[in-house]
Amino acid sequence: MKRQIVCFCEHSFTTDVPDSVDLGKEPEVEQAIISGEFLNIRCPNCGKVLKPEFPVLIEDPQAENSIFFIPELDRGQYFRGTLAYSLREANRVAIGYEELVEKFLLKRSNLDDRVMEIVKYYLLSRIMEEDSGDKEVRILFSKAEGESAWFNVLGLKENEVGILKVPMETVHKVESQLEEKKHQEPFSDILKTPYVSINNLLTEGPD
Ligand SMILES: [Zn+2]
């Protein structure tokens, strides 16, 4: 799909941006997403690498999953149901590049995103108990290592990324309770497809 891009150098150009990717045919895209190179576009005028976000459907036949990627700037519109484009049929939605990366980091670690969003909910509740206020805290899974799941916590302290570890044992315990939690609040809201996320608990996305 042809997209119009305006660089910081004010050069305006059109470029081809995929509106869907099939990882069955282009498996290398998965690594590109994780390493942050997906959707990178080089300005033909000044050479700067730009990272614009456009809606893309990512199909992953290997995982029997499809993810519709929505740009961070469209988060509010997604929550209000006023997206300027139609929501592509997918069993997951990721909003903003970080969430897209997280989906694939979880896949790489063989972890269920539903379970991890519940774990994130517990982490967030704990953080809010200790340090309430109207901070916009975000928690993102980073890796599974040494019998623990690692999370990055953003927005708690300015310009600082906090790190939290959760024992895998806890993750497995939540996993074993998934079926019953599905029907309990607030988990039923968190697990609402296609946007499986603790961000569903926010009354409204940021404008
Ligand atoms: Zn430029």
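**Domain arrangement and nonpolar cores in a predicted model**

The centres of domain 1 and domain 2, taken over C-alpha atoms, are separated by 24 Å. The structure is a predicted model, in which local features require pLDDT of at least 70 and side-chain atom pairs count only at pLDDT 80 or more, whereas totals for chains, interfaces and linings use all residues. Residues are numbered from 1 along each chain as its sequence is written. Within the protein chain, domain 1 spans 2–108 and domain 2 spans 113–201, with bounds that come from an automatic or database domain assignment.

Ten residues from domain 1 and ten residues from domain 2 form the contact, two residues being in contact if their C-beta atoms, placed from the backbone, lie within 7 Å. On the side of domain 1 that touches domain 2, strand S8 (92–95) and helix H3 (97–108) are the elements that give two or more residues, and H3 gives the most, with five residues. Helices (H or I, at least four residues) and strands (E, at least two) are DSSP runs, numbered from the N terminus.

The largest nonpolar core has 17 residues, and those with the most contacts inside it are Ile58, Ile67, Phe69 and Ala94. Such a core is a set of buried Ala, Val, Leu, Ile, Met, Phe, Trp, Tyr and Cys residues joined through C-beta atoms within 7 Å; a residue is buried if 20 or more other C-beta atoms lie within 10 Å of its own, exposed if 12 or fewer, and partly exposed in between, with C-beta atoms placed from the backbone. Two or more residues of this core are given by each of helix H1 (28–34), strand S6 (56–60), strand S7 (65–70), S8 and H3, and S7 gives the most, with four residues. Leaving aside its neighbours within four places in sequence, alanine 94 is in contact with Ile67, Phe69, Glu99, Leu100 and Lys103. Another core, of 15 residues, lies apart from the largest one and has among its members Met116, Ala149, Phe187 and Ile198.

Helix H4 (residues 113–130) has 18 residues, and its reach of 26 Å from first C-alpha to last is close to the 26 Å expected at 1.5 Å a residue, the expected span being 1.5 Å times one less than the number of residues. Among the buried residues of H4 are Asp113, Met116, Ile118 and Tyr121.

Strand S9 (residues 138–145) pairs with strand S10 (residues 148–157) in the antiparallel sense over seven bridges, where pairing requires that DSSP finds at least two bridges between two strands. The bridge partner of leucine 140 in S10 is asparagine 152.
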